[in-house]
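Subject: Structure handover and findings

Hello,

I am passing on the structure we spoke about, with notes on what was found in it. Please keep it open beside this message while you read.

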Amino acid sequence: MPSSFLTIASAQGFWPARFRRQWFNGARFGAVLFDWATRLCLVFVLTLLISANIFWIIDALRTQGWTSNHLLLNIAARAASSLFVALAAATTLTRLRPVRKAAGIEPRVSAVLGTFLLSALAMLPRQELPSIVLGFSSLLIIAGMLTSFVVLRWLGRAFSIMAEARRLVTHGPYRLVRHPLYVCEELAVIGTFIQVISPLALVILLMHAVFQIRRMLNEESVLEQTFPEYEDYARRTPRLIPAAWLRIAWHGNSAD
């Protein structure tokens, strides 16, 4: 008997058509079930983060009242963060199913740690800093969260925490850089770091930066494999810093 008898095609033809349809439908149902399980888990975690911010605001108003401008800025920062996280939770429930996912465990670990190390940073004790420094850090957080909200609205149903391809978005803020959401989020990260600055906070910040870089590279790899036009988009669009800023910096240094 020829060794080619059980080729892929003949092995599939060996099983009854009804069995093949049932197996395909079962696999499809399992994939959908897993996708929704991960969505709901993520929404649960994001809801906990929103609840923590809301409880903090209520407790601060109850115990401290409207006692200082910095407290108001801190409340505004928490509110902006909650607004962005709420949109992320809603978008998670309505996002498109992925066309392709990154293979292996590293992209998933990088995505989870890159996302939630910021929460670990926020749980560190606040430092005694001058009011102007605290105010500046709060403004960074507010600006970072509000701009992240705007970018996420542009990204829409293509949003993903893991390195997954759903839909290629190249308009709006994505015309300026390939990862505008990361740029905006890092403003909030820097603002949070200033408030909890310490050796431990610096270690967490550096770890966060490493995982965020890995996330970007993993996402770019998946998008390039999925969308043929991504290579041209990546060639003409900077990764993190708008080209206009680079030109201004370059001309400024040349003038000196």
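Which residues does L134 touch, not counting residues up to four places away in sequence? The list is H70, Q127, L129 and Q195. Before going further, please note that this is a predicted model.

Overall layout

The protein chain has 256 residues, and 38% of them count as buried. It is built from 9 helices and 2 strands. Read from the N terminus on, the order of elements is α-α-α-β-α-α-β-α-α-α-α. Among contacts in the protein chain with a separation of 6 or more, 82% are accounted for by residues 24 or more positions apart.

Back to L134

L134 belongs to helix α5, which covers residues 131-155. Is L134 buried or exposed? Its relative accessible area is 14%, so L134 is buried, the limit for that label being under 20%. L73 lies 61 residues from L134 along the chain, and the C-alpha atoms of the two are separated by 9.0 Å.

The packing of α4 and α7

Two packed helices are described by the angle between their axes and the distance between the axes. For helix α4 (residues 106-122) and helix α7 (residues 199-226), the angle is about 145 degrees and the axes are 8 Å apart. The crossing in which α4 passes α7 is left-handed. On the α4 side, the contact is made by E106, P107, S110, A111, L113, G114, T115, L117 and L121. On the α7 side, the residues are A201, I204, M207, H208, F211, Q212, R214, R215 and N218. Sorted by class, this contact of α4 with α7 has 9 nonpolar, 6 polar and 3 charged residues.

Helix α7 also holds T226. With a relative accessibility of 17%, T226 counts as buried. Not counting residues up to four places away in sequence, T226 touches V99, R100 and A165. R166 is 60 residues from T226 along the chain, with 9.1 Å between their C-alpha atoms.

L121, listed above for α4, is also one of the residues in contact with T192. T192 is located in helix α6, residues 180-195.

Aromatic rings

How many aromatic pairs does the structure hold? There is 1. A pair of aromatic rings is described by the distance of the centres and the angle of the planes. Here the rings belong to Y230 and Y233, with centres 5.7 Å apart and planes at 55 degrees, so the pair is tilted. The tilted label applies because an angle under 30 degrees would count as stacked and one over 60 as edge-to-face. Both residues lie in helix α8 (residues 230-236), and because they are 3 residues apart there, about one helical turn separates Y230 from Y233. Y230 and Y233 are both buried.

Another ring to look at is that of W56: the charged end of R78 sits over this ring, 4.3 Å from its centre.

Two further residues

S82 is placed in helix α3, which spans residues 69-94. At 11% relative accessibility, S82 counts as buried. Its contacts, not counting residues up to four places away in sequence, are I50 and N53.

Where is G172 found? G172 is in the loop between β2 (164-165) and α6. Its relative accessibility is 22%, and G172 therefore counts as partly exposed. V150 is 22 residues away from G172 along the chain, and their C-alpha atoms are separated by 9.9 Å.

Those are the notes for this handover.

Regards

How values were computed. Residues numbered from 1 in each chain as written. Predicted model: local features only at pLDDT ≥ 70, side-chain atom pairs only at ≥ 80, totals over all residues. Heavy atoms only, no water. Phe/Tyr/Trp six-rings, centres within 6.5 Å; stacked < 30°, edge-to-face > 60°. Helix = DSSP H or I, 4+ residues; strand = E, 2+ residues; numbered from the N terminus. Buried < 20%, exposed > 50% of the residue type's maximum accessible area, 1.4 Å probe, protein only. Lys NZ or Arg CZ within 6 Å of the ring centre and 35° of its normal. Contact = heavy atoms within 4.5 Å. Axes fitted to C-alpha atoms, helices over the stretch in contact; angles between N-to-C directions. Left-handed = near helix turned anticlockwise from the far one by under 90°. Nonpolar A, V, L, I, M, F, W, Y, C, P; charged D, E, K, R; others polar.
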